[in-house]
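Reader: I am new to this structure. Take me through it by asking what each term rests on.

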Amino acid sequence: MKGGNKLQITGGKILIKCLLEQGVDTVFGFPGGTVLNIYDELYHHKTKIKHILTSHEQGAAHAADGYARSTGKVGVCIATSGPGATNLVTGIATAYMDSVPLIAITGNVPVSLLGKDSFQEIDIMGVTMPITKHNFIVKDVKDLAATIRKAFYLAQEGRPGPVLIDIPKDITIKKADYKAQKPKKITKMTEYITDKDIEKTLQMIETSQKPLIYAGGGIIWGEAEKELAQFVQTIQSPVCCSLMGISGFPADDPLYIGMVGMHGTKTASLATTHCDLMIVLGARFSDRVVGKLEQFAPGAKILHVDIDAAEINKNVQTHHHIIGDVKEVLKKINHKLKKQTHKKWLEQIKGWKTKYPLVYKKDKKLKPQYIIEKVYELTKNKAIVTTEVGQHQMWAAQYYSWNKARTFISSGGLGTMGFGLGAAIGTQVGNPKKRVLNIAGDGSFRMNCHELATAVEYELPVIIVLINNSALGMVRQWQNLFYDSRFSHTHLDHKTDFCKLAEAYGAVGLKLDKTEDVEKVIKKALALKRPVVIDCKIEREENVYPMVPPGKALQDIIIANEECDTGFQPGD
Amino acid sequence: MKKHVLSVLVENNAGVLSRIAGLFSRRGYNINSLSVGESLDPGISRMTIVVKADDAILDQIKKQLNKQVSVLKVIDLKFNESIIRNLVLIKITATEKNRPYIIEIADIFKAKIMDVASKSLIIEVTGSENKIKALIALLKPYGIKELVQTGVTALERGNIDIDTHKKYDDN
C-alpha cells in the first residue's frame with residue numbers, strides 16, 4: 001500500500017488505535033445507538049482494552065475518575081449521545097472541580113442531523129463547556145486522531161482536568177488515513193520559575209519565625225510528596241492539608257497538624273491564625289479552608305506556589321508567588337535551602353496538639369470515628385479508601401491515618417454524594433492488588449447503590465463501610481446547629497435493609513451495631529474477598545467536630561457540642 | 001472600577017465566542033462591549049472586549065481568559081497608547097427643513113451620510129467614545145429613530161504588535 005505505515009481505516013478503529021497509543025488499557029462505559037461502531041471496535045479489541053460496563057453512566061464517570069486519582073493515569077469513560085452524555089455531567093463536574101485527568105468520549109447523532117433536535121441528540125459541548133478543561137466535537141474524520149491526541153495531552157498537562165470528545169456517529173464509520181504516533185511528552189511547567197522568585201522565597205523562609213505549610217491537591221497531582229517531605233524536614237515547619245491534600249504528607253509525621261478548614265483540627269486553625277509565613281503549595285484557598293476571609297492568617301505573609309496562574313490572588317492576596325509545577329519548585333528550593341529551627345514555634349504547636357486533639361465521646365454506643373480508626377488499624381497503608389460526601393467523609397479525613405499518596409479518594413470541590421462506590425470500582429480495577437474500601441453514608445450510598453451490580457459482575461472485592469445513621473447527616477447537623485433542629489427532610493426512613501439489598505445484588509451484607517464486633521466484622525469482610533456492605537448502625541445525634549461555623553473565622557472553631565451557641569442566623 | 005480594553009487572540013473555530021461569553025457570565029464579569037473578526041491569519045480571530053472592573057478582577061479576567069485552550073494571547077490596551085474606535089449607524093428623522101442642519105453637524109464630526117429618504121437619513125460615524133457621545137447628544141433633539149453600534153475595536157499604537165507581548169506581564 002502506498003505511503004508506508006499509513007492506513008485508511010474507520011473512525012471507530014482510529015479511536016481505538018489512538019487509545020492504545022496513549023497506553024489506555026481500561027475504559028468505563030455504557031453502550032448506545034450512536035456509539036455502536038465504537039463498541040464494535042471494543043469487541044474486536046477486547047484482549048487489549050478492558051471495558052467495564054457500569055449500571056449508569058454516572059458510575060462510569062466516577063469509576064474513570066477514581067481510576068485516575070488512584071493510579072495517576074488518565075481515566076476514560078464512554079457514553080452514548082443524549083441521555084448517556086448528560087448522565088456523565090455530574091461525574092465530569094466532579095473531576096473538573098478536583099483537577100482530575102479524565103477523557104469523556106460521547107457519541108452524537110450524524111453530522112447531517114446535528115442541530116435538528118434529533119433522537120438522543122444533545123449539545124453536550126455546550127452543556128459541558130463550564131465543567132471541562134476543554135471539549136471538542138469532531139465533524140471531519142480526518143481531524144479525529146489529532147483531536148484525541150490533543151485531548152489526552154490537555155487532560156494531563158499543567159493543571160489536569162477533564163476533556164470531552166464528542167464524536168458524531170457517521171464519523172465513526174467514515175475512513176481516514178491513520179499513522180501511529182507516540183504521545184507528546186508531558187513536560188513539567190517551569191518556564192515562569194525565575195531565580196529571582198526562588199531567591200525571594202528563600203529569603204522569606206529564612207526570616208520567618210513561625211512558618212506554616214498548607215499543602216493541597218497539587219502535591220499529589222504533581223507527585224511531589226518526596227520533595228515536600230524533604231522541604232518540611234529542612235525548614236522544620238508544621239504542615240496542614242486541605243481535604244484534597246490529605247495523604248500528600250504522612251499523617252504519622254510529628255510535624256503534621258491535620259486538615260485545615262471548616263472541619264479541620266483546632267491546631268491547624270490556631271497555626272494559620274498565628275503563623276507569620278504561610279507557604280501554600282498546590283492549594284487554592286477554598287472557602288471551606290479560609291473561613292472568614294478578613295480574619296484569615298492575619299499576621300502572615302502568604303507565599304503561594306501553584307501551577308495555575310489564575311489561582312494566584314484569586315481568593316486571597318499573596319505577598320509572593322511562583323507559577324509552576326510544585327515538584328520542580330520544591331526541588332529548586334530544596335537545593336539551596338539551609339536548615340532552619342523554630343523551637344519556640346514548634347513547642348507552641350505541640351502544646352496545641354496536646355491540648356486540642358481530635359476527640360469523640362467514647363461510650364457504649366457504636367461510634368463512626370471508632371469504626372474508621374479500626375479500618376485504618378486493620379488495613380494500614382495497604383488499602384485505598386474512597387468516600388462519599390458528608391459527615392462520614394469528614395470523619396474519614398480526620399480519624400484515618402493517611403500516610404501514602406493516592407490512598408484517599410474523595411470528592412472535595414464538588415462534594416458529590418454517590419461518587420464513592422463508582423470511584424471504588426475504578427480504583428479497584430486500576431489497583432487489583434490493593435484492598436479498596438468505600439466509606440459511605442446511607443444517603444450517599446442509596447444514590448448510586450446500583451453500582452454494586454458492577455462490583456459483583458467484575459468480581460471487585462470492594463468493601464462498603466456504610467456509616468448508617470438513617471439520616472442525611474451533614475445537612476441534619478446544620479439544621480441541628482443553625483436552624484433550631486428543624487429537620488427538614490433529612491431523616492431517612494430506611495425500611496431498606498441494606499444487607500438484603502447487598503445480597504440481592506449478589507454481594508455480601510454484614511450487620512454491625514456493637515462496638516465489640518467492629519474488629520471481627522471488618523476482618524471477616526476483608527477475608528471474604530467479595531464485594532461486601534457492612535451496615536454500621538450509628539446514632540443520628542453524632543455531629544462532626546471540630547467545626548468552624550459558616551461566616552466565622554478559623555479561630556472561632558468549635559470543638560464540642562457545649563460551645564454551640566454561635567449566634568448564627570440562617571442567611572448569614 | 002474602571003473601563004479596560006482587552007485585545008484577545010482566539011482560535012477561529014465554532015463555539016469560541018460562546019466559550020468566552022460563557023466564561024464572563026459564569027464568573028460575573030461585566031462585558032461592556034465585544035467585537036470580533038478574523039485577524040491576519042484566518043485561523044485566528046481577534047476579539048476586543050471592554051470590561052468594567054477593578055484591578056483585582058481585571059487580573060482574574062486576564063488569567064481566566066489565558067486558561068482557555070482557545071485563547072492564544074490577552075493584552076490590556078492602554079487608552080492613551082491605543083487607537084480605540086466604535087462604528088455607529090444612526091437613523092435620524094430628517095425633513096427638508098432640518099436636513100441641512102443635520103448634514104452640517106455630520107460634516108463637523110467627519111461623519112458620512114449613507115442613506116437619504118423623505119423623512120430620514122442615516123449617518124455613519126467612526127470614532128472614540130467621546131466623539132460618538134457628543135454627536136449623538138447633538139442629534140438627539142432632531143429625533144433619533146434607531147441606532148446600531150459595532151462595539152469597540154482597538155489596536156496598540158507604535159511598532160509593537162500583539163505577538164511581542166508575553167503571556168504573563170506581572171512577574
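This is a predicted model: local features need pLDDT of at least 70, side-chain atom pairs count only at pLDDT 80 or more; totals for chains, interfaces and linings use all residues.

Reader: How do you know that domain 1 of chain B is in contact with domain 2 of chain B?

Author: The test is C-beta atoms within 7 Å. Six residues of domain 1 meet five residues of domain 2 in chain B by that test. On the domain 1 side, β2 (31-38) and β3 (44-53) of chain B each supply at least two residues. β2(B) gives the most, with three residues.

Reader: What kinds of residues make up that side of domain 1 of chain B?

Author: Three are nonpolar and three are polar. No charged residue is among them.

Reader: Which domains does chain A have?

Author: The assignment gives domain 1 (7-178), domain 2 (195-355) and domain 3 (368-544) of chain A. Between the centres of domain 1 and domain 2 of chain A there are 37 Å, over C-alpha atoms. Five residues of domain 1 of chain A contact five residues of domain 2 of chain A. That side of domain 1 has one nonpolar, two polar and two charged residues.

Reader: How many residues bring chain A and chain B in contact?

Author: Twelve residues of chain A contact 15 residues of chain B. The chain A side holds seven nonpolar, four polar and one charged.

Reader: What is the strand order in the six-stranded open sheet of chain A?

Author: The order is β16-β15-β17-β18-β20-β19 in chain A, and the pairing is parallel.

Reader: Why are β16 and β19 of chain A said to stand at the edges?

Author: β16 (408-409) and β19 (508-512) of chain A each have a single partner strand, so one side of each lacks a neighbour in the sheet.

Reader: How do you know that β19(A) and β20 pair?

Author: Pairing needs at least two bridges. β19(A) and β20 (residues 532-537) of chain A have five bridges, in the parallel sense. So the pair meets the cut-off. Within the sheet, L512(A) stands opposite C536(A) in β20(A).

Reader: Which helix packs on this sheet, and which strands does the helix touch?

Author: Helix α17 (residues 419-430) of chain A does. The strands touched are β15 (383-387), β16, β17 (435-441) and β18 (463-468) of chain A. The direction of helix α17 makes about 175 degrees with that of β17(A).

Reader: What is the order of the four-stranded open sheet in chain B?

Author: The order is β6-β7-β5-β8 in chain B, with antiparallel pairing. β6 (112-116) and β8 (144-156) of chain B are at the edges, each with a single partner strand, so one side of each has no neighbour in the sheet. Neighbouring strands of this sheet are turned by 15 degrees against each other on average, direction ignored.

Reader: What makes β6(B) and β7 of chain B a pair?

Author: The cut-off is at least two bridges. β6(B) and β7 (residues 120-127) of chain B have four bridges, in the antiparallel sense. So β6(B) and β7 of chain B count as paired. K112(B) stands opposite E124(B) in β7(B).

Reader: Which helices pack on this sheet of chain B?

Author: Helix α3 (residues 99-108) of chain B touches β5 (82-93), β6 and β7 of chain B. The direction of helix α3 makes about 10 degrees with that of β7(B). Helix α4 (residues 129-139) of chain B touches β5, β7 and β8 of chain B. The direction of helix α4 makes about 15 degrees with that of β5(B).

Reader: Why is a set of residues called a nonpolar core?

Author: The members are buried nonpolar residues joined through C-beta atoms within 7 Å. The largest such core has 170 residues. C77(A), I103(A), M278(A), I464(A), V465(A) and I534(A) touch the most other members. Helix α7 (residues 144-156) of chain A gives the largest share, seven residues.

Reader: Which residues does I534(A) touch?

Author: Among them are I463(A), L510(A), L512(A) and V521(A), leaving aside residues up to four places away in sequence. A second, separate core has 16 residues, including L6(B), V8(B), M47(B) and V51(B).

Reader: What share of chain B counts as buried?

Author: The share is 22% of the 171 residues of chain B. Buried takes 20 or more other C-beta atoms within 10 Å.

Key: Residues are numbered from 1 along each chain as its sequence is written. Chains are lettered from A and ligands numbered from 1 in the order in which they are written. Two residues are in contact if their C-beta atoms, placed from the backbone, lie within 7 Å. Ala, Val, Leu, Ile, Met, Phe, Trp, Tyr, Cys and Pro count as nonpolar, Asp, Glu, Lys and Arg as charged, and the others, Gly among them, as polar. Domain bounds come from an automatic or database domain assignment. Axes are lines fitted to C-alpha atoms, for helices over the stretch in contact, and angles run from 0 to 180 degrees between N-to-C directions. A residue is buried if 20 or more other C-beta atoms lie within 10 Å of its own, exposed if 12 or fewer, and partly exposed in between; C-beta atoms are placed from the backbone.
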